[in-house]
Amino acid sequence: MRIGVLGSGQVGQALGRGWARHGHDLVLGTGDPQRTQLQEWAGETGAQVAGFANAARHGELVALALLGTATLDVLDQVGPDAFAGKVVVDATNPLTFEGSRPGLFVGHTDSLGEQVQRAVPDARVVKAYNTVGNALMVDPQLPGGPPTMFLAGDDDEAKQTVVDLLAATGWDSADLGDISAARELEAMCLAWVKYGARTGTWNHAFRLLRADR
Ligand SMILES: NC(=O)c1ccc[n+]([C@@H]2O[C@H](COP(=O)([O-])OP(=O)(O)OC[C@H]3O[C@@H](n4cnc5c(N)ncnc54)[C@H](OP(=O)(O)O)[C@@H]3O)[C@@H](O)[C@H]2O)c1
């Protein structure tokens with residue numbers, strides 16, 4: 001698959017490296033494509049590095065790995081046409097770090113996932129990858145078996161594409177419904193962060209256990 005990943009932080013590089021290793025034609029999008037570390041990263045991974053707009057245009061699937069507060073600005077900068085008809089995997093979280101615990105700058109009655117869908121109305125947004133740390137995003141190896149990626153989105157075919165990508169990279173998945181379930185997914189991120197902060201460990205992932213399997 002042709003994949004564009006927007007954002008070159010820990011998440012962008014983890015998804016980009018992992019998906020390139022699985023043979024996908026990957027372009028990592030960044031505000032600074034000439035950065036030496038990114039050029040070295042491209043050499044190591046076989047992926048390309050480009051500006052946000054070129055990475056978005058490249059992907060049949062485009063993943064958002066952007067700072068929560070910058071996400072809508074980058075979508076606006078690229079323009080909605082670059083995302084039209086595409087599967088857009090939204091891995092972002094609307095995190096704030098004021099005071100002693102992380103919070104969300106949107107929640108309960110709206111979510112960043114819904115804001116993303118409204119910003120790129122012709123894209124098929126799937127909220128996923130926001131409830132786990134970047135180290136486990138592709139090919140997690142955990143003693144308890146495959147963890148569960150919770151996801152949400154309005155388009156069933158787009159969600160199936162993401163479920164297939166997840167299954168090929170070591171994940172079970174659980175569909176929470178339409179994109180408004182990004183409200184629950186973004187809140188789940190806080191539980192993931194809280195456990196990490198309490199234990200000082202960051203290699204945990206959620207797993208859904210079902211009696212009907
Ligand atoms: N870290 C994790 O393990 C983890 C896990 C699950 C979800 N998330 C979520 O995934 C997203 C990415 O997290 P991250 O830890 O990789 O990195 P991050 O520090 O949140 O930032 C990621 C990228 O956002 C872009 N960015 C930051 N400020 C910007 C601005 N003012 N204007 C335009 N672009 C800007 C930058 O892109 P360039 O540097 O390429 O220009 C940066 O590399 C976040 O929303 C985070 O909450 C993180």
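Predicted model: local features only at pLDDT ≥ 70, side-chain atom pairs only at ≥ 80, totals over all residues.
Biologist: How far apart are the end C-alpha atoms of helix 1?

Modeller: Helix 1 covers residues 10–21, which is 12 residues. At 1.5 Å a residue it should span 16 Å, and the model agrees with that expectation. The distance between the end C-alpha atoms is 16 Å.

Biologist: Which residues of helix 1 are buried, and what covers them?

Modeller: The buried residues of helix 1 are Gly12, Gln13, Ala14, Leu15, Gly16, Gly18, Trp19 and Ala20. Their cover includes strand 1 (2–6), strand 2 (25–30), helix 2 (36–45), strand 4 (61–64) and helix 6 (156–168).

Biologist: Which residue with a positive phi follows helix 1?

Modeller: Helix 1 ends at residue 21. The residue in question comes after the helix and has a phi near 95°. It is Gly23.

Biologist: Which residues are closest to the ligand?

Modeller: The ligand is surrounded by 25 residues. Ser8 places a polar side-chain atom 2.6 Å from a ligand oxygen atom. The closest residues are Ser8, Val11, Thr30, Gly31 and Leu66.

Biologist: Is Asp110 buried or exposed, and what about Arg118?

Modeller: The side chains of Asp110 and Arg118 form a salt bridge, with N and O 2.7 Å apart. Asp110 has a relative accessible area of 15%, and under 20% counts as buried. Arg118 has 52%, and over 50% counts as exposed. So Asp110 is buried, and Arg118 is exposed.

Biologist: How many residues apart are Arg183 and Glu114?

Modeller: Their side chains meet in a salt bridge of 2.8 Å, N to O. Arg183 is in helix 7 (residues 182–199) and Glu114 is in helix 5 (residues 112–119), so the pair links distant parts of the chain. The separation is 69 residues.

Biologist: Why does Arg183 count as partly exposed, while Glu114 counts as buried?

Modeller: Buried means under 20% relative accessible area, and partly exposed lies between that and 50%. Glu114 has 10%, so it is buried. Arg183 is partly exposed because its relative accessibility is 28%.

Biologist: Which residues are linked with Lys127 in a network of salt bridges?

Modeller: Lys127 forms a salt bridge with Glu186, with the closest N and O atoms 2.7 Å apart. Lys127 is in strand 8 (residues 124–127) and Glu186 is in helix 7, 59 residues apart. Both Lys127 and Glu186 are buried. The residues linked with Lys127 in the network are Asp90 and Glu186.

Biologist: How many salt bridges are found in the whole structure?

Modeller: The pairs include Asp110 with Arg118, Arg183 with Glu114 and Lys127 with Glu186. A search of the whole structure gives a total of 12.

Biologist: With which side chain does the side chain of Ser111 make a polar contact?

Modeller: Ser111 is in the loop between strand 7 (103–104) and helix 5. Its relative accessibility is 0%, so Ser111 counts as buried. Leaving aside neighbours within four places in sequence, Ser111 is in contact with Val106, Ile179, Ala182, Arg183 and Glu186. The polar contact, at 2.6 Å, is with the side chain of Glu114.

Definitions and conventions. Residues numbered from 1 in each chain as written. Heavy atoms only, no water. Helix = DSSP H or I, 4+ residues; strand = E, 2+ residues; numbered from the N terminus. Expected span 1.5 Å × (residues − 1). Buried < 20%, exposed > 50% of the residue type's maximum accessible area, 1.4 Å probe, protein only. Contact = heavy atoms within 4.5 Å. Near = heavy atom within 4 Å. Polar contact = N/O pair within 3.5 Å; in protein donor to acceptor, adjacent residues only side chain to side chain. Salt bridge = Lys/Arg side-chain N within 4 Å of Asp/Glu carboxyl O.
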